[in-house]
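Keep the sequence and the structure side by side as you read.

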Amino acid sequence: MSTKDRPAGISPTAVESAPGLWRVDLQRHDLSIPGREVIQARVEFTPDSPPFKHFHPGEEIICVLQGTLEYRLEGQPPTVCNPGDALTVPYGVHHEARNVGDGVAVELATYVVEKGKPLLTKVE
């Protein structure tokens with residue numbers, strides 16, 4: 001996608017990782033826990049971004065920075081989060097997020113995951 005095709009409100013350094021889902025990788029470091037690493041990213045959702053079910057090889061700690069996001073974690077009722085709200089997705093739990101607001105929604109996602117495994121596995 002060219003710069004001119006970038007949706008309004010999406011960070012200039014963000015990379016589209018799925019339709020309507022943009023990421024800015026912020027940091028990745030080994031932890032003092034053997035076999036674990038921390039990955040932090042700014043995730044930006046356009047209003048039309050379709051949700052997709054996935055899971056991670058560790059915990060995901062989320063803080064909504066902008067907009068309104070609805071999270072659906074397997075076995076739990078939907079949770080709507082606004083700026084300043086936080087949510088933790090347990091290890092391996094299937095989940096999805098979608099933008100339920102009018103503009104771009106942004107979360108700070110911090111992953112504490114098993115090193116060497118794919119960060120995200122899509123659930124078909």
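T46 is buried, at 5% relative accessible area. Buried means under 20% relative accessible area, exposed over 50%, and partly exposed in between, with a 1.4 Å probe and protein chains only. The model is predicted: local features need pLDDT of at least 70, side-chain atom pairs count only at pLDDT 80 or more, and totals for chains, interfaces and linings use all residues. Residues are numbered from 1 along each chain as its sequence is written, and side-chain values use heavy atoms, with hydrogens and water left out.

T46 sits in the loop that runs between β3 (36-45) and β4 (54-55). Strands here are DSSP runs (E, at least two residues), and helices are runs of H or I with at least four residues, numbered from the N terminus. Leaving aside residues up to four places away in sequence, T46 touches P7, I10, G20, W22 and N99. A contact means heavy atoms within 4.5 Å.

Now compare T79, in strand β7 (residues 79-81). T79 is partly exposed, with a relative accessibility of 27%. Its contacts, again not counting residues up to four places away in sequence, are L69, E70 and Y71. L69 lies 10 residues from T79 along the chain, and their C-alpha atoms are 8.3 Å apart.

Next, the sheet. Six strands form an open sheet in the order β1-β2-β3-β10-β5-β8, with antiparallel pairing. β1 (15-18) and β8 (86-89) each have a single partner strand, so one side of each has no neighbour in the sheet. Neighbouring strands are turned by 30° against each other on average, direction ignored. Two strands pair if DSSP finds at least two bridges between them. β5 (residues 58-66) and β8 run antiparallel and are joined by 4 bridges. Within β8, L87 stands opposite I62.

UniProt, in an unreviewed entry, lists residues 43-107 as "domain: Cupin type-2". Over residues 43-107, the chain is 52% strand and 0% helix. The end C-alpha atoms of this stretch are 5 Å apart.

Where is empty space left? Rolling a probe the size of a water molecule over the atoms shows it. The largest pocket has a volume of about 280 Å³. Of the 22 residues that line this pocket, L21, V43, F52, H54 and L120 are the closest to its centre. β1, β2 (21-30), β3, β5, β9 (95-99) and β10 (105-114) each supply at least two lining residues. A pocket is an open set of points on a 1 Å grid where a 1.4 Å probe fits, with protein on both sides within 12 Å along at least five of seven lines, and lining residues have an atom within 4 Å of a point. The volume is the space filled by probe spheres set on the points.

Conventions. Axes are lines fitted to C-alpha atoms, for helices over the stretch in contact, and angles run from 0 to 180 degrees between N-to-C directions. UniProt positions are given in the numbering used here, feature names are shortened, and annotations may be inferred rather than shown by experiment.
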